[in-house]
Each structure stands twice: as C-alpha cells, then as structure tokens.
Amino acid sequence: MSFAGKGEISKSTVNRLALYYNILQQLRNEDRVICTSEDLGRRMNIPSSLVRKDLANFGEFGTKGVGYQIHYMIWRIEKILGYTASWNAVVVGACMPVLPMYTSGGIFPPGIHIAAVCDLAGDKHGVPVGCGSELKIEPFKNIYEIVQKRNIVMGIVAVEQTQSQMVTNCLVEAGVTGIANLSPIPVMVPDHVILVEINLASRLSQITYSLNGIMTKDNRVESFCTR
C-alpha cells in the first residue's frame, strides 16, 4: 500500500478519515454500494474537495466520474487506521465512564481491546468492572507486570487531574507507547510516545463560547431597540 509518509499526514486528516469510516458504515447499512466525495462532504459539512484531498494522501480510492466502492473504502480505511490489528489497552481510573463507552459500541474504534482496568483507590481492587466485562479492577501498583504480561501498548488515563501526570509517567515506564489522556489537564510524554488529549470540557467550551456570543449580540440589539 503506497501513500505519503505517516509523518506528512496531519492529525486533522486522520480524524476525518475515522469519521469517513463511520459514515461509510452507515451508508453500507443503508444498502448503498457506491458513494461520492459529495456524499461524504455533505454528511460531514465540509467541501467535497477536502474529502478528495484527504483520500489522495493514501493513494487511489475510486474512479473519477463514478465514485467510491463503499466496501473497498471501508477495507482500505481499516488497513490505514490499524483497525484490523488488535491493540491491548489498560484503563486507569475505574470511576470514569470509560467502560460503558467501550461496551456501548461506536465510540471506540475497532481493534482496541481493553485488557485491564486499574485504579489507585485500594477499596476497589478485585471488584468486577461490570458493563458486560469479565475483568476485575486491579491495583495500579502492579502496572509494570500487567503491561508486560498482557502486551499492552495503550494506556487510557481517566483519573483526577492531580494524578494524571504521575499515572502517565508510570505507564510510559511500564512500556506503554500510546497514551489517551481524558484528564482536563494536559500531560507530557517522551518523544517516542504517542499522545492524544481528549478534553471534553474544551470541546463543550466551543459551544458555550458561541452561545455566549449570540446572547451578547442579542442583548446589544435589544438594548439598542429599546432606547
């Protein structure tokens, strides 16, 4: 498979590729066989030219004037994003709602397998995690042994912000090479570790910022009209 070097692909492109994958799955469920860049762009609310540019980073996907074979696109994106492999992950922080999201489907991408759940609080150790999983909560102090024995490559940090950097450091020392940080405070990792910050508060703040601007504008107009 030939495409531009991974270092040349932006995070935004990879993010959109994952969304294209979800849309393609939906189109397949609708018994569609062919789709176009216009179809994907319309459902993503982005220009079709951006869809074509994103896909061009990874070679040819379709035929000009015909469109894309949906089953082929799904297969190609699965290969590109590593969905066909199995990536063992450990969740640290049993109080955060990571497990319900994992078992609900559609939130975690294919290929990620939660192999362990750890917590810093001693009173939870040995408690079943629930959510249809047979796992039990394990002590975080055993993280090195857990990572090594279960071939864990990804750590999902879901602890309080005061503990997130410490937990991240321990995961890196144990051999984890990918960190997803759900804490509201960013963490630091060595250059060889892949880090993704998943900050829901910052995303929701984009809505509150816009709503606040709309309300402020409306108040100004109302004030002007009542003079």
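**Close-up views of a predicted model**

**View 1. Helix H7 and the elements that cover its buried residues.** The cover over the buried residues of H7 includes strand S3 (87–92), helix H6 (143–149), strand S6 (154–157) and strand S7 (178–181). The model shown here, as in the other views, is predicted. Within helix H7, which runs over residues 164–174, the buried residues are Ser164, Val167, Thr168, Leu171, Val172 and Ala174. When the helix is seen down its axis, these buried residues fall within an arc of 160°, and they therefore line one face of H7. Just after the helix comes Gly175, a residue that takes a positive phi of about 115°.

**View 2. The aromatic pair of Tyr21 and Tyr83.** A search of the whole structure finds two aromatic pairs, and one of them is formed by Tyr21 and Tyr83, whose rings are arranged edge-to-face. The distance between these two rings is 5.0 Å centre to centre, and the angle between their planes is 75°, which counts as edge-to-face because it is over 60 degrees. Tyr21 belongs to helix H1 (residues 11–29), while Tyr83 sits in the loop between helix H4 (70–80) and S3, so the pair ties together parts that are 62 residues apart in sequence. Both partners of the pair, Tyr21 and Tyr83, are buried.

**View 3. The second largest pocket and its lining.** This pocket has a volume of about 320 Å³, and its lining is made up of 15 residues. Those that lie nearest the centre of the pocket are Arg52, Gly62, Thr63, Lys64 and Tyr68. Of the elements, H3 gives the most, with three residues in the lining. Sorted by class, the lining of the second largest pocket holds four nonpolar, seven polar and four charged residues.

**View 4. The protein chain as a setting for the close-ups.** The secondary structure of the protein chain, to which the helices and strands named in the other views belong, comes to eight helices and eight strands. The protein chain has 227 residues, and 34% of them count as buried.

How values were computed
Residues numbered from 1 in each chain as written. Predicted model: local features only at pLDDT ≥ 70, side-chain atom pairs only at ≥ 80, totals over all residues. Heavy atoms only, no water. 1 Å grid on protein atoms, 1.4 Å probe; cavity = no way out; pocket = protein on both sides within 12 Å on 5 of 7 lines; lining within 4 Å. Points joined across faces, edges and corners; volume = space filled by probe spheres on them. Helix = DSSP H or I, 4+ residues; strand = E, 2+ residues; numbered from the N terminus. Nonpolar A, V, L, I, M, F, W, Y, C, P; charged D, E, K, R; others polar. Buried < 20%, exposed > 50% of the residue type's maximum accessible area, 1.4 Å probe, protein only. Arc of directions from axis to C-beta. Contact = heavy atoms within 4.5 Å. Phe/Tyr/Trp six-rings, centres within 6.5 Å; stacked < 30°, edge-to-face > 60°.
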